[in-house]
Amino acid sequence: MPKTSDLLGRFRRDAGASAAVLFSLALVPVLGLTGAAVDYSNFERGRSHLQDAVDSAALAAARATGGDFSEPMLATIEETARVYVRQNNHDGEEEVAVAIDPAERAVTVTATLHLKTLIAHFIGVDEFVFGAEATARLDGASDPICILALDPTLKKAIEFTGPSEVRAPNCAIHANSVADNALFKRGPGTVEAASVCAVGGHDGEFAPVPTGHCRAVLDPFPWLEIPEAKGTCDAVDLRVDAGPATLKPGHYCGGIELRKGAEVTLEPGVYLLSDGPLDLTAHSSLAGEGVTFVFHGKDGYLNVHAHGDIDVKAPTEGPLEGFVMVEDRASSEASRSFVHGDGSVRIVGTIYLPNHEMRFYGSGALNEDAEQMAIIANNIGFKGDSSSTFMTTINADYAKAGFEQPVARMPVTAALVH
C-alpha cells in the first residue's frame, strides 16, 4: 500500500500539470486580447496620422494655387497634395486621389492605407484597411496687386483726396498698415478696384467696401537684384536744355534734369541715378522703351512737374523685366517721388520703391492707355486739384504688356470645410 507521502507527491505533480495546462489555455485569449489591443492601438494611431496627413495636404494644395485653378496649374496642385501626404504619413503605403474643383476653388484629398497587423494575422486578419478625406477651400481674393503700401503702422498709408478718381478694374489695392485709417479717402472722387484690403481699417467710401484685418503682404520682390552704382560716372549733374536729345544707359551721378523744352529719347537699358533725381520740369518730355531707372543714395527720386510729359516702358526681357523704376534697398533715407498731372503721363511696368513716399497730384489723365502698372512703395497718395478731376487708370494686363515676371497677388487663405 502506497505511503501517504507518495500519494501527496503524486497529487501535487498532477495538480501542477493541470495548472500548467489551464494556464496555457488561459494564455491564448489573454495574448489574443493583448494582441488585439496592440493592433487596435496601431489602427487608431494610423487612422489619426492619415487624417492629419490629408488635412495638411488639402490645405497646402489649395494654398499652392494662389487662386489660380487654370489648366497649367492642375498638375502642380495634385503633386503638392501627394507630396504632403507622403511627408506627413508614417504608417504605410497609402493610395492617394486628388479632386480639384475650380468653380468652388476647392481641393479634396482622399487617401487609403493598408496597415499590416502584428498579432491579429494569427487569427486570419492580415491587415486593416482604412481611409481619410479632407477638402480645403480658398477664401479671399487673389487679384494681382497694383497699389501696395508696405508701411506697417502709418496712418493714411494709401490716401485719396480732392477730386481724384482711381480706377483699377482688374487689380487690387492693399495697405499693410495696422492703423484704423490705413486706407483713407476724402473728396468728391471715386476709388474703384477689383478688391480693396487693409491689415487695419479704412476711412471713406471705396468700391468695393474694403476688407479689414487682411494678412500683410510682405515685400513681393525680395529676390530682385538691384544693379549697383559702381565705377566712374558717365555724366555728373546732367542738365538737358531745350531741343531734342538722346541718352544712353549708364551711371548718372547727381541725377538727370530735363529743362523746359527738352525732348529726350532714351535708348533701351538701365539708367543708374546716384544721389540725384530724375527731374522733368514743365513742358519737357521723356520717352523710351525697354528702360529701367535705378535710384541710389541721397536725393534719388522721381519728379514729374505739371505739364511734364513722360512715356516709358520697362524691359520685356532680362533680369529687370517688367520693372520701370526701382531703388537701392540699402538707402537709409526715405525719399518722396512726385508725378504731377496736366501733362501726358504713361508709365508701363512696375514702380518698385519700397522706401519711398509716392505722390500723384494735379489734374488730367494718368496712364489712360497703359497695359500695366503697379506701384509698390512705403506709402502712396493721389490728390486732385480744385480745378478739375485727376483721373488715374491702372491696369494689370501683364501678358499684353509683354511681361512674364511674377505678379504680386492678394493673399488668400485656405480653410478645411470637412
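**Exercise 1. Find which residues of helix α2 are buried, and work out how they are arranged around its axis.**

In α2, the buried residues are Ile77, Thr80, Ala81 and Val85, where buried means under 20% relative accessible area, exposed over 50%, and partly exposed in between (1.4 Å probe, protein chains only). These four cover an arc of only 130° around the axis, so they lie on the same side of α2; the arc is that of the directions from the helix axis to the C-beta atoms. On the other side of α2, Ala75 and Gln87 are exposed.

This is a predicted model, in which local features need pLDDT of at least 70 and side-chain atom pairs count only at pLDDT 80 or more, while totals for chains, interfaces and linings use all residues. Residues are numbered from 1 along each chain as its sequence is written, and side-chain values use heavy atoms, with hydrogens and water left out.

**Exercise 2. Compare the span of helix α2 with the expected one.**

Helix α2 covers residues 74–88, which gives it 15 residues; helices (H or I, at least four residues) and strands (E, at least two) are DSSP runs, numbered from the N terminus.

**Exercise 3. Describe the two faces of strand β13 and identify its partners.**

In a regular strand the side chains alternate between the two faces of the sheet. In β13 (residues 262–266), the covered face holds Ala262, Val264 and Leu266, whereas Glu263 and Thr265 form the uncovered one. Two strands pair if DSSP finds at least two bridges between them. Strand β11 (residues 243–247) pairs with β13 in the parallel sense over five bridges, and glycine 243 stands opposite alanine 262 there. Strand β16 (residues 285–289) also pairs with β13 in the parallel sense, over three bridges, with leucine 286 as the bridge partner of valine 264.

**Exercise 4. Locate asparagine 181, decide whether it is buried or exposed, and list its contacts**.

Asparagine 181 sits in the loop between β6 (164–175) and β7 (183–185). Because its relative accessibility is 12%, asparagine 181 counts as buried. Leaving aside neighbours within four places in sequence, asparagine 181 is in contact (heavy atoms within 4.5 Å) with Lys155, Lys156, Ala157, Gly201, His202 and Asp203.

Terms used
Expected span 1.5 Å × (residues − 1).
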